[in-house]
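This report describes selected side-chain and helix contacts. The sequence and model are shown below.

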Amino acid sequence: MTASPASPAAGATEYGIFLPIGNGGWIMSETAPHPRATYAYNREAALTADRLGLDFVMSMAKWRGYGGRTDHWGETLESMTMMSALAEATQRVKVWATVHTNLFHPALVAKMFATLDQVSDGRCGMNVVVGAYEHEFSQMGQWRSDFSHDDRYRYTEEWLHLVQRLWSEDSVTAHGEFFTLDDCQSRPHPSRRPTLVSAGRSEAGLRFQAAHCNGSFLTAEDLPGLRAAGEHVKALAAERGRSLRTYAMLTVVLDETDAAAEARFREHGRGYDAEAITNMKLSWGLPLDRAMSMTAGDEAHEAFQTAVVVGGPASVAEQVLTHVHETGLDGLMLIFPDYLQDLPAFGELVLPTLRAES
């Protein structure tokens, strides 16, 4: 197996997009654009990212929506299938698909990503997700209520170890805590190891990322928190003689002027779907009273699932660069209210400034 695709030059910031694989995209509001869960929409967004020279496109895996007036994520596409098609449609952008380790056997995933490696000519990556939202999986009879949080990561470490063995060995026999393989074969092997990324802010999650992944997607309450999380996971990786890149999500509300963008931001927030937002927070394991109290905040922000930058081109570029410089992140995964309208404008008016400063 050859080395992974070349990483950006030292110090260069990667910019990618989080594809809207579920209806409503990433804004939970009746007054925001509401992209449908269609391949056509995601294909156009990915082709635009490819044309603009963005570094990666990624899609989530989601198996149950959050209801509400918008039926947020009531319709979703499947990540690995869609990213394989997008790998064929695009030329250079990296394509990262999401896998829930509790739903897919490691031998199945090893074969799927060996195939995706060929379709993408080595541009593929795997977002490894442990699977922590009970209602998504209990509806399928796939929820292990006897697993603790740390158990899920122990399971996923064994799962990933087997995937990697199947990518490089002609025959794998293993009798572990969770899986049994007997002379298990999976050929052809990938031409190069797919990029491995994962998200999570728990100590178990960060240790998993530090030990096994090329990229860590981080969340925090503020920019200093993101910097601290990034420094921590990189230190954990260094203890293991490894390095990895750090990323976070960021929503961009762009318009011709700061005032127009602010008005757009407020309008998107005005129709926030309180029921869907509450259901989402309940899925995180929050009690109902806390989920509802959190949803009673500033409505303009409640509709958005990530940090947001708002403004005209110069202002957005300045805010994005501030986000990068104050956190020390190696990349950002960007979200747009309307990818087909906003992404081309971002590519023309903002991205050249970001590239010049990276």
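Phe208 is buried in this predicted model, its relative accessible area being 1%. A value of 1% falls under the 20% limit for burial, and Phe208 is therefore assigned to the buried class. Tyr153 is likewise buried, with a relative accessibility of 9%.

**Aromatic pairs**

The structure holds 18 aromatic pairs. One of them joins Tyr153 and Phe208 in a tilted arrangement, with 5.7 Å from centre to centre and 50° between the planes. Tyr153 belongs to helix 5 (residues 149-168) and Phe208 to helix 6 (residues 203-212), so the pair ties together parts that are 55 residues apart in sequence.

Tyr155 and Phe178 form another pair: their ring centres are 5.2 Å apart and their planes stand at 65°, so this pair is edge-to-face. Distant parts of the chain are linked here, since Tyr155 is in helix 5, whereas Phe178 sits in the loop between strand 5 (172-175) and strand 6 (180-184), 23 residues apart. Tyr155 is buried, while Phe178 is partly exposed.

| Residue | Relative accessible area | Class |
|---|---|---|
| Tyr153 | 9% | buried |
| Phe208 | 1% | buried |
| Tyr155 | 13% | buried |
| Phe178 | 22% | partly exposed |

**Packing of helix 7 and helix 12**

Helix 7 (residues 223-239) packs against helix 12 (residues 313-327) at an angle of about 45°, and the two axes are 8 Å apart. Helix 7 is therefore oblique to helix 12. On the side of helix 7, Leu223, Leu226 and Arg227 make the contact; helix 12 contributes Thr322, His323, His325, Glu326 and Thr327. By residue class, the contact of helix 7 with helix 12 comprises two nonpolar, four polar and two charged residues.

Ala37 is located in the loop between strand 1 (14-18) and helix 1 (39-52). Is Ala37 buried or exposed? Its relative accessibility is 12%, so Ala37 counts as buried. When neighbours within four places in sequence are left aside, the residues in contact with Ala37 are Ile21, Gly22, Asn23, Glu75, Thr76 and Leu77. Arg92 lies 55 residues from Ala37 along the chain, and the C-alpha atoms of Ala37 and Arg92 are separated by 24 Å.

Note on methods:
Residues are numbered from 1 along each chain as its sequence is written. This is a predicted model: local features need pLDDT of at least 70, side-chain atom pairs count only at pLDDT 80 or more; totals for chains, interfaces and linings use all residues. Side-chain values use heavy atoms; hydrogens and water are left out. Helices (H or I, at least four residues) and strands (E, at least two) are DSSP runs, numbered from the N terminus. Buried means under 20% relative accessible area, exposed over 50%, partly exposed in between (1.4 Å probe, protein chains only). Contact means heavy atoms within 4.5 Å. Axes are lines fitted to C-alpha atoms, for helices over the stretch in contact, and angles run from 0 to 180 degrees between N-to-C directions. Angles under 35 degrees count as roughly parallel, over 145 as roughly antiparallel, 65 to 115 as roughly perpendicular and the rest as oblique. Ala, Val, Leu, Ile, Met, Phe, Trp, Tyr, Cys and Pro count as nonpolar, Asp, Glu, Lys and Arg as charged, and the others, Gly among them, as polar. Rings of Phe, Tyr and Trp (its six-membered ring) pair if their centres lie within 6.5 Å; planes under 30 degrees apart count as stacked, over 60 as edge-to-face and the rest as tilted.
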